[in-house]
Amino acid sequence: MAASPAYGEEKGGSSSLGEPEYGHDPASGGIFASDYKRHDDLKEMLDSNKDSLKLEAMKRIVAMIARGKNASDLFPAVVKNVACKNIEVKKLVYVYLVRYAEEQQDLALLSISTFQRGLKDPNQLIRASALRVLSSIRVPIIVPIMMLAIKEAASDMSPYVRKTAAHAIPKLYSLDSDQKDQLIEVIEKLLADKTTLVAGSVVMAFEEVCPERIDLIHKNYRKLCNLLIDVEEWGQVVIINMLTRYARTQFLSPNQNESLLEESAEKAFYGSEEEDTKDAKAEAASLAKRKPYVMDPDHRLLLRNTKPLLQSRNAAVVMAVAQLYFHLAPKAEVGVIAKALVRLLRSHSEVQYVVLQNVATMSIKRRGMFEPYLKSFYIRSTDPTQIKILKLEVLTNLANETNISTILREFQTYIRSMDKDFVAATIQAIGRCATNIGKVRDTCLNGLVQLLSNRDELVVAESVVVIKKLLQMQPAQHSEIIKHMAKLTDNIQVPMARASILWLIGEYCEHVPKIAPDVLRKMAKSFTNEEDIVKLQVINLAAKLYLTNSKQSKLLTQYVLNLAKYDQNYDIRDRARFIRQLIVPTEKSGALNKYAKKLFLAQKPAPILESSFKDRDHFQLGSLSHLLNAKAVGYQELPDWPDEAPDPSVRNVEVPEWTKCTSREKRKDKVEKPFYSDSEGESGPTESADSEPESDSEESGSSSSSGTSSSSSEEEDEEEEEGGSEEQSEDKEGEEEEEEKRKKKKEKGGPRKASPRSVGSEEEEEAEGKKVKKAAGPQGKKGHAESSSEEASASESSSSGSDSGTEAPTVVEAKRRKVIPSSKAGPKEISLLDLDDFTPPPPQPVPSSSIISTSLVTDLEGLTLTDTSLAPALLSPAFGAVRTYELLHRMAGEGLSVEYCFSRRPFPGDPHMVAVQIQISNNTDAEVKSLRVSEPKLLAGMRIQEFPEIALCFQRAWRPGTQPAW
Amino acid sequence: MKMIHSLFLINCSGDIFLEKHWKSVVSQSVCDYFFEAQEKAIDVENVPPVISTPHHYLISIYRDKIFFVSVIQTEVPPLFVIEFLHRVADTFQDYFGECSETAIKDNVVIVYELLEEMLDNGFPLATESNILKELIKPPTILRSVVNSITGSSNVGDTLPTGQLSNIPWRRAGVKYTNNEAYFDVIEEIDAIIDKSGSTVFAEIQGVIDSCIKLSGMPDLSLSFMNPRLLDDVSFHPCIRFKRWESERVLSFIPPDGNFRLISYRVSSQNLVAIPVYVKHLISFKENSSSGRFDVTIGPKQNMGKTVEGVVMTVHMPKAVLNMNLTATQGSYTFDPVTKVLAWDVGKITPQKLPNLKGIVNLQSGAPKPEENPSLNIQFKIQQLAISGLKVNRLDMYGEKYKPFKGVKYITKAGKFQVRT
């Protein structure tokens with residue numbers, strides 16, 4: 001370490017030469033010695049107990065890091081401040097830690113305990129940030145700690161913490177890929193999460209860790225489709241790209257009936273005649289009648305739910321949807337993306353660059369799609385050259401018989417541009433149009449010939465090259481042009497152009513019998529000064545002339561071959577040797593000699609001028625690999641459509657039973673309804689995704705108030721949950737179930753809509769953990785019922801036992817004591833918050849068949865009970881000031897809603913239990929009977945004290961006093 | 001998808017003045033590939049946004065004289081990175097008023113804190129400015145004075161609840177004494193006019209920029225008299241797409257502060273009224289080292305409004321040495337190095353059309369330029385949306401107070417080019 005600062009400073013110093021200094025940056029400039037002292041100064045400041053000094057020091061240090069200077073010698077001094085109370089200091093320390101921990105692993109370990117403590121913090125944001133930093137410290141030794149932390153966070157009740165957990169997965173994976181199996185479990189669990197906050201992050205983790213496990217997606221497919229519009233924009237991109245791949249493996253090609261057609265169309269593609277797309281569509285339609293193809297409703301769901309995102313302000317999202325449509329949609333529907341892509345051309349030039357590359361690829365396959373926007377690709381003199389060239393590419397791809405005259409007129413203005421690279425590209429584009437569209441071939445050729453007298457050599461050279469290619473298609477008619485070009489050899493210096501002219505003359509020497517030998521004569525003179533590429537063509541020309549006109553050219557040929565024999569370039573020497581053997585008959589030369597003429601003067605096929613973007617679409621559009629036209633590291637191939645559709649039922653999510661949900665997540669979900677999405681739940685297995693999502697969704701999405709189709713969506717919710725999250729603690733379900741049962745009523749609605757905010761505070765409260773008791777009071781309308789019944793005391797069944805296998809049973813049980821109280825609803829306690837250890841309560845999968853999904857249980861998990869001995873006497877219901885949380889939303893409960901709160905009163909029966917007050921309201925018109933607790937499933941170590949059955953719950957009764965406080 | 005590994009900020013003279021790594025440190029030397037490409041490109045705007053190097057890919061943007069060069073290791077949609085980098089630049093702009101090297105260096109700690117929040121492990125985390133501003137307060141002069149005295153900080157100590165909610169773009173607990181909502185309807189005309197004055201291509205691109213200062217959680221609906229004009233629209237995430245689809249009404253809970261509500265394109269069926277015309281005569285004589293330059297700008301189809309803020313810029317051919325011109329109005333400059341002629345015209349009065357006329361001096365001996373330069377025109381028309389788009393009404397739900405509402409229209413030249 002002693003040496004490192006010196007080295008670092010030096011390095012830093014040199015790189016920053018000439019930069020203006022930062023305000024206080026101690027590291028800028030200066031000589032080594034003084035810097036070193038200044039670092040002492042920083043250390044002192046860090047050691048002081050004034051936050052302002054520490055802050056100042058940290059700011060300077062961060063400024064050093066920002067400039068790429070080495071501040072690693074301060075590590076010990078900085079790390080000490082990791083527990084500093086001042087938030088900004090803390091944040092800056094985190095920045096420092098993440099930057100240097102990898103280099104100073106031992107010292108970095110000092111900070112770990114702070115983060116572990118942070119993971120238990122009642123505040124979700126602190127938990128999240130602790131996890132974030134912990135997982136960003138790339139120190140292999142803490143892998144197990146990270147693993148535990150991630151698992152725990154994945155079942156956290158705060159979606160934000162779960163999101164952070166999802167983010168941490170790839171970090172851990174890159175640190176130690178042996179953890180893959182365990183991480184996949186976590187991913188699987190998080191995939192089942194229904195909050196929009198988590199969705200994008202977990203899919204990102206999925207893509208990074210186990211993109212091959214496509215089976216994990218099945219159950220979550222519909223949910224992802226439906227949530228998509230509410231996911232934040234970056235997550236949308238990741239999800240859409242993943243779903244594109246998924247769809248390619250699971251559905252049939254929507255264009256399968258056209259595939260035959262497509263082939264033929266393709267062949268004819270450059271033939272200019274056809275209006276191919278339209279025809280193809282029409283024919284496809286007719287074919288389709290013969291062989292009916294029915295799109296899987298899930299396939300349709302994906303297409304429908306992504307379409308609105310074409311309107312996103314984020315170019316990456318638009319591009320993601322565009323590529324999805326390009327790869328997955330029936331031909332007739334792909335057109336919708338053109339407008340959105342064209343819109344992106346107004347964006348920053350980097351965006352234009354990428355979009356144009358993709359448009360270029362698409363426009364080859366689906367020309368019709370962009371034709372209406374032809375003019376949007378017209379070039380302005382102010383466009384950067386790279387953009388001009390791409391636009392030109394697109395224009396060329398779009399050229400057909402009808403629009404070619406417009407395009408050529410446009411090209412004429414381009415040829416006069418000041419930007420010579422662009423002019424050269426235009427000339428090539430003209431060449432391509434000429435070869436593709438027979439009608440304008442002569443026009444183009446004439447135009448190009450005129451360019452031969454252009455003053456700019458580059459323009460002339462490019463024209464020559466292109467003309468050569470065009471002439472090859474019909475040489476006989478154009479000997480005049482060849483003669484004209486022969487004259488150019490005196491002036492043109494660009495090697496490629498000279499080579500092209502020589503090749504032309506050699507190839508068609510019979511059309512210009514007089515000129516050809518003369519050209520050879522001139523070239524022989526200048527042979528030694530030519531570029532290699534030209535020399536090769538001179539040799540070629542000589543050989544061809546020798547074969548056709550040996551009288552005039554024999555000596556010249558030998559002269560050239562002799563020069564070539566001693567050339568510096570071995571290609572040229574080889575060529576000379578080879579050609580000499582071939583054309584000059586000697587005794588040794590074998591049979592080949594007889595065929596020399598055939599070899600050299602065979603009919604050569606005209607070159608096909610085609611776009612460099614042809615067939616680039618075998619890369620997924622929008623990808624880095626597509627842009628580079630090379631497979632980038634980590635690129636996932638876009639699979640071909642399967643011949644047979646895999647079983648679509650894998651995406652069905654099972655029966656909507658309440659019970660199965662994972663408690664935490666679910667609750668949350670209910671609480672946070674997707675803000676704008678169409679439909680929230682997934683559509684049940686039976687309904688084809690087709691119809692529903694659109695219709696009902698809007699309402700449900702926007703607010704719960706309207707109370708409509710609640711039941712269906714609800715169920716769906718649940719289903720999903722089950723799918724994924726069974727493993728979660730099911731114990732809780734028990735409770736929930738009970739409650740569920742009680743309800744069968746509906747609520748009235750408006751006011752109780754779930755507020756997303758509640759989350760944060762909840763936790764806090766829990767955190768307090770102490771003697772909260774839960775009063776489980778079903779207080780239906782009868783109100784008092786609540787007070788009496790509410791008592792739940794719980795004690796937990798002590799055995800913390802059955803942790804599910806994988807997790808480390810590190811849970812400390814010491815702390816919990818469990819007692820069994822008498823009555824009903826039971827609080828369960830969990831050691832989550834024990835400060836000293838961070839083992840998560842292992843979620844156990846219990847596939848329970850019962851009904852409710854509540855998160856109450858989960859919430860309870862967080863409580864640590866301390867001893868309070870309270871008389872089981874009555875707990876009066878807590879009102880007003882206490883926050884209530886939603887257990888069952890009215891929509892979900894078909895009118896029955898349940899809210900609960902921690903009354904923070906001791907539970908009389910048992911010091912180790914807490915009272916939870918549960919308020920049940922019936923908003924339906926019907927009565928609800930027999931509310932009771934049935935077979936609660938509790939986490940290990942939890943107990944519940946049941947309350948007596950409540951016989952009736954009338955409609956619309958709820959006590960004003962117990963209304964939610966917010 | 002490992003996303004962004006590192007970020008380097010590089011100024012025009014090739015100094016790396018800031019670096020940030022989200023994973024293991026990548027040496028600055030990776031930027032050498034970028035410098036190489038930059039050299040090859042000659043022009044800054046021609047540096048390819050994506051560069052492949054043996055071990056990394058570099059994806060860069062150029063904004064306000066700064067290159068934002070990100071280092072990528074694996075496959076990732078390039079637009080994702082580009083869009084994100086622009087978002088970073090926008091955020092700097094938003095925080096410091098400008099996205100310049102000086103501003104970034106002066107606020108290096110805030111920059112670092114922002115970058116830390118915006119990306120986690122290279123994946124975007126918080127990019128909404130409302131959330132960021134809750135996390136990290138933007139610097140103001142007052143605050144920095146106060147901070148230096150009290151030692152308090154820029155980092156918010158309240159927790160950003162917005163991050164946790166369904167409407168991450170809006171911060172919670174917004175309070176204003178004056179509740180105001182302003183909308184600027186800004187339309188830009190993109191056009192290419194050919195030599196003869198006929199329109200080769202023209203379309204109208206518009207945006208609605210909003211400045212919303214409303215307390216609480218207002219739910220707004222903005223409707224238009226003629227929504228069918230809008231052909232292609234892109235939305236801020238706050239807008240409820242379904243409402244638009246079904247009723248053509250913009251319904252949204254707005255972010256707090258300034259933001260772009262929508263951008264749109266007016267359907268190409270409508271003919272675009274071109275508000276100005278240009279008469280030009282630019283010619284270079286064969287075998288003489290001079291040429292003529294004569295340009296007049298006049299108003300046309302401007303719906304009775306004044307065309308103002310007119311500026312013409314021309315990239316003259318390389319052979320041009322100097323220009324001796326007389327302007328009847330405004331002033332002109334010619335930069336002999338970049339060969340850019342700029343004529344600041346100001347307001348056009350139909351009675352006396354602005355004209356710029358004179359002699360062009362060419363390098364002696366150089367061949368006469370083949371091409372005539374195109375003229376790029378800028379202008380502004382206040383109080384007019386050239387497409388005819390009109391806001392009908394703004395309704396607010398969810399809050400009781402009465403907000404002050406305002407709509408402003410303005411038409412500008414976008415990429416408006418006259419070929420000569």
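Of the 420 residues in chain B, 59% are buried, where buried means under 20% relative accessible area, exposed over 50% and partly exposed in between, with a 1.4 Å probe and protein chains only. The structure is a predicted model, in which local features need pLDDT of at least 70, side-chain atom pairs count only at pLDDT 80 or more, and totals for chains, interfaces and linings use all residues. Residues are numbered from 1 along each chain as its sequence is written, chains are lettered from A and ligands numbered from 1 in the order in which they are written, and side-chain values use heavy atoms, with hydrogens and water left out.

The secondary structure of chain B consists of seven helices and 23 strands; helices (H or I, at least four residues) and strands (E, at least two) are DSSP runs, numbered from the N terminus. The C-alpha trace of chain B spans about 75 × 55 × 45 Å along its principal axes. Among the contacts in chain B with a separation of 6 or more, 69% are between residues 24 or more positions apart, contact meaning heavy atoms within 4.5 Å.

Confidence is given as pLDDT, the predictor's value for each residue, from 0 to 100. Chain B has a mean pLDDT of 87, and 92% of its residues reach 70 or more. Among the elements of chain B, strand β5 (residues 66–72) has the highest mean pLDDT (94) and helix α6 (residues 141–150) the lowest (57). Where pLDDT is low, the predicted coordinates should not be read in detail. For the complex, the predictor gives an ipTM of 0.92 and a pTM of 0.72.

B:Ile359 lies in strand β20 (residues 355–362) of chain B. The relative accessible area of B:Ile359 is 42%, which means that this residue is partly exposed. Leaving aside neighbours within four places in sequence, B:Ile359 is in contact with B:Ser290, B:Gly291, B:Asn322, B:Met323, B:Asn324 and B:Leu325. B:Glu83 is 276 residues from B:Ile359 in sequence, and their C-alpha atoms are 45 Å apart in space.

In chain A, helix α3 (residues 51–66) has 16 residues and should span 22 Å at 1.5 Å a residue, the expected span being 1.5 Å times one less than the number of residues. The end C-alpha atoms of helix α3 of chain A are 22 Å apart, which agrees. Buried residues in α3(A) include A:Lys54, A:Leu55, A:Arg60 and A:Ile61. After α3(A) comes A:Gly68, with a positive phi near 80°.
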